[in-house]
Amino acid sequence: MHLPSRRRFLATAVGAAAGTAALAYPAPAHAGPGGHRRPFGRFGSPAARRTPRTLYVDPLGRGDFTTVQDAVTAATGSGWTLVLAPGTYRETVLLDPTRTEATWIGATENARDTVIVYDNAAGTPKPGGGTYGTTGSATTTVQAAGFTARWITFANDWLRADHPGITGTQAVALKVQGDRSAFHHCRFLGHQDTLYADSIAVTAVARQYYAHCYTEGDVDFVFGRATAVHEHGHFRTLRRTDLAGPPYGFVFAPSTADATPYGHLVIRSRISSAAPDGFYKLARPWVPSSDPTARPSLVVRDTRLGPGIDAVAPYADMSAAFPWQEQRFAEYRNTGPGAAITVPANRPQLTAEQAESATRAAYLGDWEPWKPWKKVA
């Protein structure tokens, strides 16, 4: 079976021609007075700016900027909002630590319509020599604290089949390092290392919240040392034709620092698969060379695990020196065929008392990003 090109998938999803740079499909029919289209939906426009710190981005030139990075560069300091018109933004974007409390909004309020995508991998040669590495492969990197995104797709459409000579196949769609980073109704598309939920330093705690988001990939596609809560999420494992048998990959690969009390929490979510039954592991621990004392932490609770997850042995080692049994892995009240407990030693479970501490409030403290959103721009 031949896998369809992710570029073709993205083009179909947003109506853009495959591989074109920053080309958007025509704005949806948000009609204003006289029938004029409204590429920024209910969030204003350059002529009707909601706040002095609201900027409008549109590849077709109807905003303040045509690229996301140009808007980010112009938005110096704290508290800026970017409203993104529907379209495909083929570029890499960096939000540095000085641009705090930023908000990015997909104007149609449908993440499928607004896509930030590029195609670097860890092994992609850099123009000045060397390769990008995992971090450098990221399409979008968020380092600033207090970031919020709504209704945006972050993607990396690099494909192994297109680059058989490259062995560094990590290709990050989004790397998040800032504390208090929230993503609502977003999508994260890639294959290996899709969503890198990290922190700015080993000693820094970065609280992150992902609500009603869709994430897909194959190898370690949700990973990193952040304290990250994934609530009402949908994780989908992809089919692979380059491997003869299981495992195809791993959904989670936390790298939580030993001193950080909480790692990744998955709650009230689901995991589905495009692969044969049992071809994916739920997780494996990542102890990076930059932090050999890491003790990865993952709790999956109240979540439906589809048949794609290997129920008999859902965890694996990334390195024999750091067996998964010595890490902070646990489950609680999961359902579905991938959650069946057939070998109890392979499925560590929280007690009811322990589960009282495995909540979004415990993980995120005084930050409550799930509260109703009142700001419109």
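Before we look at the sheet, a word on terms: two strands pair if DSSP finds at least two bridges between them, and strands (E, at least two residues) and helices (H or I, at least four) are DSSP runs numbered from the N terminus. What we have here is a predicted model, in which local features need pLDDT of at least 70 and side-chain atom pairs count only at pLDDT 80 or more, while totals for chains, interfaces and linings use all residues. Residues are numbered from 1 along each chain as its sequence is written, and side-chain values use heavy atoms, with hydrogens and water left out.

The protein chain holds five helices and 25 strands. Eight strands form an open sheet with parallel pairing, and their order is β3-β6-β9-β12-β15-β18-β21-β24. At the edges are β3 (87-90) and β24 (304-305), each of which pairs on one side only. Inside that order, β9 runs parallel to β12 (residues 187-189) and is joined to it by three bridges; alanine 155, for instance, has leucine 189 in β12 as its bridge partner.

Let me turn to the interior. Of the 377 residues in the protein chain, 55% are buried, where buried means under 20% relative accessible area, exposed means over 50%, and partly exposed lies in between (1.4 Å probe, protein chains only). A nonpolar core is a set of buried Ala, Val, Leu, Ile, Met, Phe, Trp, Tyr and Cys residues joined through side-chain atoms within 4.5 Å, and the largest one has 62 residues, with Val68, Trp104, Phe154, Phe183 and Phe252 having the most contacts inside it. Apart from it lies another core, of 15 residues, including Ala182 and Leu364. If we set aside neighbours within four places in sequence, phenylalanine 154 is in contact (heavy atoms within 4.5 Å) with residues including Trp104, Ile116, Phe183 and Leu189.

Finally, some backbone details. In general, most residues other than glycine have a negative phi, and most peptide bonds are trans. Tryptophan 151, which is not a glycine, has a positive phi of about 60°; this residue lies in the loop between β8 (148-150) and β9 (153-156) and is buried, with a relative accessible area of 11%. Histidine 212 also has a positive phi, of about 55°, and lies in the loop between β14 (207-211) and β15 (214-217), but histidine 212 is partly exposed, at 41% relative accessible area. Lastly, proline 246 and proline 247 are joined by a cis peptide bond, with omega about 0°, and proline 247 is found in the loop between β18 (234-237) and β19 (249-254).
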